[in-house]
Amino acid sequence: MSSGKHLKGVHVNHCKNTAGVQIIPMALPEKVYIPMSMHIGAPCKPLVAVGDHVKVGQLIANCDAPVSAPIHSSVSGDVEAIEVFMTQNGRPDTNIIIKVDGKQEIAETVKPPVINSKEDFVKAVRDSGLVGLGGASFPMSIKYNTKPGQVDTLILNGAECEPYITVDHAAMLAHAQEMVDGMRTAMKWLGIARGVIGIESNKPDAIAKFKSILSGADDIKVCELRQIYPQGAERVIIYETTGRHLIAGKLPADVGCIVSNVTSMLKLQQFLATGMPLVTKFLTVDGNAIARPQNVEVPIGTMICDLIEFCGGIKEGVEVKKILLGGPMMGRAIPRDDFAILKSNNAVLCFDGTFAQQNKETACINCGRCVNGCPMNLMPARLSRAYKDKNVDMLREYNVMTCMDCGCCTYSCPARKQLNFEIKQAKLLVMEDDKKKKAKAEAEAKAAEEAKANEQKGEAK
């Protein structure tokens, strides 16, 4: 099953070194460090104090803001400190530091939710603490709180198109039935008649697994996707599976779709069945500097250095030059390994100097490869020039805000230009200009109102 329509992209080396490697639970660390900002939206506030004893699944932080997700303890132990320090996001954040007691006692509040309506279901999704586990970290309850009749298709995203990362593939092989059960529950309460599971064709065993489970089913179909990056991007997978075009500034629900990562759906189903909220994360640990690459289930808040140590540490005689959170295309480099694992992390990659070298830029030869690779049909080289000229009007003319930061342009460029980075900065220019124009318009409107009020006062006299 496919829409028969395709967007552009690039063919990257898959480097799926851990394909076929089962997910194993990590040994408990001595401490976990749980930040309050693990999702798009407002940060949570601690609900516990220093000295409190907490259990697995216990609610330890929450927020009343509409866009937010509660945070639960991933371990049992005592709250040792609540401190503010820098996190992997590059910003200072409040952290709840828990000293692990090793018992992993389950909180008494961990019970399956009772659901009798759509409102109950959406509340349960929020109570689970779930966010998009493919990397976006958008609170799942917001995505599922749709208007009646607004959505007709639920898309399960199993593309996993980034090089190196295989943990979703492993999860699909181990938990396909639970993912299907979760889809059907979501479709029931949200009134969605059609489900699609999109998986890249380089995972034939996962495709076969779902097709076997869904043999003869009419409600959910499997869509075998082309092996091209960025197949798993939200806009791309919507187009590839339904033929619908999601423009910049719109949400999937605006084109009748909800897109959920396969592991997000698994964790939702497990919460509905057991009441255990999101407290662990599946990650791929790989890279040519890692001694034992593998797929691991990690308590949220685990230090990256502890995770690396669990995977055998760094190879003897190897110097790590770059640590990436996520894949090499859209992942984020971090300066050191003493940061905590967040809900949104799906990979830790460590590379030596042979992989982490910065190539020297040369002059653009106008080859057009960046254009040919862009899924959004943008002209990255022109956007780069407009950014360097600080030409905001031209950036708007060439639709810079449509860019989804996939990195295809940088990957394609023979001149080794950092096009993706420059376009990210260009979008910030446009957003800053929008803020200035909005502030100016508001000031002018306020001045006009005051002038009108003064005029009316004068006439009254």
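This is a predicted model: local features need pLDDT of at least 70, side-chain atom pairs count only at pLDDT 80 or more; totals for chains, interfaces and linings use all residues.

Guide: By class, the second largest cavity has a lining of 6 nonpolar, 2 polar and 1 charged residues.

Visitor: Which strands each supply at least two residues of the lining of that second largest cavity?
Guide: The second largest cavity has a volume of about 40 Å³. Its lining includes Tyr33 and Pro35, as well as Phe85 and Met86. The strands that each supply at least two lining residues are strand 2 (31-35) and strand 7 (77-86).

Visitor: How many cavities of 30 Å³ or more are there?
Guide: A cavity is a space where a 1.4 Å probe fits but cannot get out. With the cut-off at 30 Å³, the count comes to 2 cavities.

Visitor: What volume does the largest cavity have?
Guide: Rolling a probe the size of a water molecule over the atoms shows where empty space is left. For the largest cavity, that space comes to about 90 Å³.

Visitor: Which residues that line the largest cavity are the closest to its centre?
Guide: The lining of the largest cavity divides into 11 nonpolar, 2 polar and 1 charged residues. Helix 11 and helix 12 (419-460) each supply at least two of the lining residues. Of the 14 residues in this lining, the closest to the centre are Cys374, Leu378, Cys403, Cys406 and Cys409.

Visitor: Which helix gives the largest share of the lining of the second largest pocket?
Guide: The second largest pocket has a volume of about 260 Å³. Its lining has 19 residues, with Cys364, Asn366, Cys370, Ala381 and Arg385 nearest its centre. Helix 8 (369-373) and helix 9 (380-388) each supply at least two residues. The largest share, 5 residues, comes from helix 9.

Visitor: Now for the surface: is Met401 buried, partly exposed or exposed?
Guide: Met401 makes a nonpolar surface patch of about 250 Å² together with Leu428 and Met431. Met401 sits in the loop between helix 10 (392-397) and helix 11 (408-412). Buried means under 20% relative accessible area and exposed means over 50%. Because the relative accessibility of Met401 is 34%, Met401 counts as partly exposed.

How values were computed: Residues are numbered from 1 along each chain as its sequence is written. Side-chain values use heavy atoms; hydrogens and water are left out. On a 1 Å grid over the protein atoms alone, a cavity is a set of points where a 1.4 Å probe fits but cannot get out, and a pocket is an open set with protein on both sides within 12 Å along at least five of seven lines; lining residues have an atom within 4 Å of a point. Grid points are joined across faces, edges and corners, and a volume is the space filled by probe spheres set on the points. Helices (H or I, at least four residues) and strands (E, at least two) are DSSP runs, numbered from the N terminus. Patches are made of residues with over 30% relative accessible area and no salt bridge: like charges are joined within 9 Å, nonpolar side chains (Val, Leu, Ile, Met, Phe, Trp, Tyr) within 5 Å. Accessible areas come from the Shrake-Rupley method with a 1.4 Å probe; for residues, only the protein chains shown count as cover. A salt bridge is a side-chain nitrogen of Lys or Arg within 4 Å of a carboxyl oxygen of Asp or Glu. Buried means under 20% relative accessible area, exposed over 50%, partly exposed in between (1.4 Å probe, protein chains only). Ala, Val, Leu, Ile, Met, Phe, Trp, Tyr, Cys and Pro count as nonpolar, Asp, Glu, Lys and Arg as charged, and the others, Gly among them, as polar.
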